[in-house]
Amino acid sequence: MKTKILVTGGTGYIGSHTVVELQNAGYEVVIIDNLSNSNANVIDGIEAITGIRPAFVEGDCTDINTLRKLFEENPGIKGIINFAASKAVGESVQKPLLYYRNNLNTLINLLDLMPEFGVKGIVFSSSCTVYGEPDKNPIDETAPIKPATSPYGNTKQISEEIIEDYIKSGAPIKSILLRYFNPIGAHPSAMIGELPLGVPQNLVPYLTQAAAGIRAELTVFGNDYNTPDGSCIRDYIDVVDLAKAHVIAMKRMLDGQDTDAVEIFNLGTGRGLSVLELIDSFERATGVKVPHKIGARRAGDIEKIWADPKKANEVLGWTAQVPIDETMKNAWAWQCKVTAK
Ligand code: NAD
Ligand code: UFG
């Protein structure tokens, strides 16, 4: 019998790619998503890639009765991957309660129901934002957590603490906290990808929209940082590589006999790229120019951060594989498909 996994936020960007990899690896998936930041037709894309249509519940994880009904109607769920969250940093500053309510109530409801329904483990989507501006790079999991610079970032820190406290209290569950660096790209089939609503806030969707002529030009937020070319540095991780790490984490959590009840892993490539280097790599990979200009710094931006992924490499046996030019080609193929619609 296939092991059944609940994926919250499974029609979203990282969730949909992870559902594909879970199904490819032989897991049975149930998705819950309230479609606040995604579209139900993502399920068609998942089915087109894998040949399997995952079960889908349109519902809100902040409603414990909806979740209880889901567990009753889908007995035997063994693991959860919790992607469901609001994730716009700027919006979280404007609407902090929305972020605390959505992100924390979702997690608390899931944790609350896990023992009752025999769910053994939860993989949680955390973020390198918990490290703030690092004292040194690359950064590993033992680095100190810095005060959050936004309510969104704070929900990730508090969520990690909630999980740790719950397990310390004796709750019969395990958890793996995955700290993502900067997920980018799309599935190579161009059947699923990132669908930002409105004006993109993140670099790659803005860049591909500028290349497609949807935006006049990309603004590079600052070229006077203390970096080789003056623009900020990030660790850009291909979304399919990221998705695969969740499958490995789930297997380890459910099958591992001697693993700690809570484990934390950085998910990044270990290589920092500047904004200007990323633009170069897009142009090199696709042959398409990105209209861009240098603008002012964006408030709150970290100057440079990239991962030390050694723990994930050695303990999970996971390494980022997709070369950046490949990721850029996939991001562009997805943009072209979305533009053509
Ligand atoms: P996304 O917005 O594409 O996906 C999240 C999904 O959750 C959406 O489909 C949304 O409709 C759904 N959702 C939100 N609240 C819900 C609720 N209460 N009930 C049910 N569904 C709900 O975002 P993503 O980029 O795929 O991010 C997934 C997770 O990874 C989030 O927790 C995010 O904070 C985290 N993360 C993302 C990044 C990034 O750069 N994309 C970086 C670090 C961490
Ligand atoms: N950037 C530009 N122009 C743009 C957009 C971004 O120059 O139009 C620059 C930013 O200044 C930054 C880099 O591109 O230097 C990456 O910016 P993103 O907004 O794509 O990503 P961030 O690293 O700022 O933040 C992302 C997510 C957060 C998450 C964080 C760490 O948006 O939710 O990664 O995981 F917390």
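Is Trp 318 buried or exposed? Select Trp 318 to start: the residue is buried, with a relative accessible area of 3% (buried means under 20%, exposed over 50%, partly exposed in between, using a 1.4 Å probe and protein chains only). Before you click on, note that this is a predicted model, where local features need pLDDT of at least 70, side-chain atom pairs count only at pLDDT 80 or more, and totals for chains, interfaces and linings use all residues. Residues are numbered from 1 along each chain as its sequence is written, chains are lettered from A and ligands numbered from 1 in the order in which they are written, and side-chain values use heavy atoms, with hydrogens and water left out.

**Around Trp 318**

Trp 318 sits in the loop between α10 (310-316) and α11 (324-340); helices here are DSSP runs of H or I with at least four residues, strands are runs of E with at least two, and both are numbered from the N terminus. Leaving aside residues up to four places away in sequence, show what Trp 318 touches, including Ile 237, Lys 244, Leu 267 and Ala 312 (contact means heavy atoms within 4.5 Å).

**Ligand 2**

Now pick ligand 2, which has 22 residues around it (each with a heavy atom within 4 Å of it). Ser 127, Asn 202, Thr 219, Arg 234 and Asp 301 are the closest. Strand β8 (residues 218-221) gives the most to this shell, with four residues.

Zoom in on the N and O atoms. A polar side-chain atom of Ser 127 is 2.8 Å from a ligand oxygen, and one of Asn 202 is 2.7 Å from a ligand oxygen. At Thr 219, a polar backbone atom lies 2.7 Å from a nitrogen of ligand 2.

**Cysteines**

Next, Cys 128. Its sulfur is 12 Å from the closest cysteine sulfur, in Cys 232, so that is too far for a bond. A disulfide needs two cysteine sulfur atoms within 2.5 Å, and a search of the whole structure finds zero. Cys 128 is buried at 9% relative accessible area, and Cys 61 is buried too, at 4%.

Most residues other than glycine have a negative phi, and most peptide bonds are trans. Go to Asn 137 and Pro 138: a cis peptide bond joins them, with omega about -5°. Pro 138 lies in the loop between β5 (121-127) and α6 (151-168).

Then try Leu 35, whose phi is positive, near 60°. Leu 35 is in the loop between β2 (28-33) and α2 (42-50) and is partly exposed, at 22%. Last stop, Ala 190: phi is positive here as well, about 60°, but Ala 190 is buried at 10%.

Definitions and conventions. Polar contact = N/O pair within 3.5 Å; in protein donor to acceptor, adjacent residues only side chain to side chain.
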